[in-house]
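I opened the model to look up a few contacts and charged pairs. My notes follow.

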Amino acid sequence: TMGNWLVNHWFSAAVLAAWLGINIFLFTYYFLFFDWDERYFYTRAILGSALAWARASAKCLNFNSMLILLPVCRNLLSFLRGTCSCCRRTLRKQLDHNLTFHKLVAYALALFTAVHTIAHLFNLERYNHSQQATDGSLPAVLSKMHLHGSNKWLNPIHSNQTTVEYVAFTTIPGLTGVIITLALILMITSSTEFIRRNYFEVFWYTHHLFLVYFAGLVIHGIAGLVRGQTEKSMEEVHPHRCAQYLTQKDEDCSHNCCKDPEFGSIPAESWKWVLAPFLLYIFERILRVWRGWQKVVVTKVVMHPGHVLELQMQKKGFRMEVGQYIFVNCPDISLLEWHPFTLTSAPEEDFFSIHIRDAGDWTGRLIDTFQQQMPRIKVDGPFGTASEDVFQYEVAMLVGAGIGVTPFASILKSIWYKFQQADQILKTKKIYFYWICRETGAFAWFNDLLASLEQKMAESGKADFLTYRLFLTGWNNSIANNVALHFDTATDTVTGLRHKTIFGRPMWNSEFAAVAAAHPRSVVGVFLCGPGPLAKSLQKSCHQHSSLDPRKVKFYFNKENF
């Protein structure tokens, strides 16, 4: 429900409201300032309200450029998470929405860039038109001011032959504007989910165009092509008093408006906005390099079916929690590329591990390299908020879809260790695990993990602690025939596990009804790592199957962001 969402996400909602509010305030304030301020009376005579559109969007661009780097300072976020460890977990968990906020700011940059560019195209057209006008109107007179003295010009176009293309590619604002816009377009288009998942290298390298973006942004306003009347000139020849005389000036002028108005540039100020976050980001990168140089020992390499590589590693001072992730770099493949991987080990183990499937150029080359030699590995992390909420519920329903099954390796192992050691933190008495995938090939390793857990639980007489169901959503005739042949065997033909594979998608209503019937007085935590549409249907089921009676079953939905 909306109420629950606000309780759990009040911090996100507050940040979002503040961000929106500041954007709206900056835009409105500077729009009205440039549309009304008398220093820009003459500038508006040529440009009209396009001046205000360009300047207001420029302020918002500066503000959002200041924010864009902060959500990707991973070590800064980890530090904040550490310092607010006494805060409620919901607050710490909000810091995991950092990339959502980063994307939001990026979309705002795209929007304000479009507004700024369109406004300036109008401005150029009007500057050009005024320069070519010979009708003695105010814009025409103002455009000839450059003939009266070096600091008297208002219109940056001084020739009748100037085109928009000429200004765009030969002036500092024009050229940097084109470069910034291209860099922004490339960064946004190459960061779609499809490209990030399948061509991570493309995303990684184009995203480093942010250096070009910031360099261009700082230089962009240096030339000061948009000008306003100087304070001194305002005192001498105020436009309200003297504008009328500009178009009808006598040769032997005697009144106090004879002097021509003088104009000055608006100083470049983007650097003031972006300097501090940029320095913070530089410090972040230095910290990453330093952490990356700390020695990592690969203690075990396992090649699983489906071309999946498991690396077990040790690093001095490394402490992990369930549901966290690390960044990995292999200098033999690429000095610059760092790739994120969810940790699949439990904190109770004396190593940390990741499972790498062949999902692109870099991962493919890493797997091939490890099959031939033992290359050096650099590790940065761990990052992310621990998914410790799982331990707080008597009954937990865990749902992993596709690649989203990976974090549950860590969670399931950790729960089992805590269960064996009779850990006081662990309130869990029963786990239902739902694994939904198109094909099991790439997840054979997870299959093995479930099998070993199943065996350990059976040996210690706790076989009923974990109930799991595997839903195969993609299958062919040969699998179906094989299943039909071996229907009465003790283990499953697809996975070799005791619990049978179900073909098709889960019927959540019946799954929730069964759990509610088995635990009529429990509080059930529902955890998903998977796609958005699935989250919606699980949230709906939680709502439908929770009893209004406080003594009866309640379902609480938690979506994990990995």
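I listed the contacts of T363 (heavy atoms within 4.5 Å): leaving aside neighbours within four places in sequence, T363 touches F341, I356, R357 and D358. This is a predicted model, in which local features need pLDDT of at least 70 and side-chain atom pairs pLDDT 80 or more, while totals for chains, interfaces and linings use all residues. Residues are numbered from 1 along each chain as its sequence is written, and side-chain values use heavy atoms, without hydrogens and water.

I found T363 in helix α17 (residues 361–372); helices are DSSP runs of H or I of at least four residues, strands runs of E of at least two, numbered from the N terminus. T363 counts as buried, at 9% relative accessibility. Buried means under 20% relative accessible area, exposed over 50%, partly exposed in between (1.4 Å probe, protein chains only).

Next I looked up salt bridges (a side-chain nitrogen of Lys or Arg within 4 Å of a carboxyl oxygen of Asp or Glu). The whole structure has 13. One of them joins R74 and D380 at 3.5 Å, N to O. R74 is in helix α5 (residues 74–83) and D380 in strand β8 (residues 378–383), so the pair ties together parts 306 residues apart in sequence. Both R74 and D380 are buried.

D380 also forms a salt bridge with R291, at 2.9 Å, N to O. I noted relative accessible areas of 1% for D380 and 18% for R291.

Last, I noted a network of salt bridges linking D37, R39 and E231.
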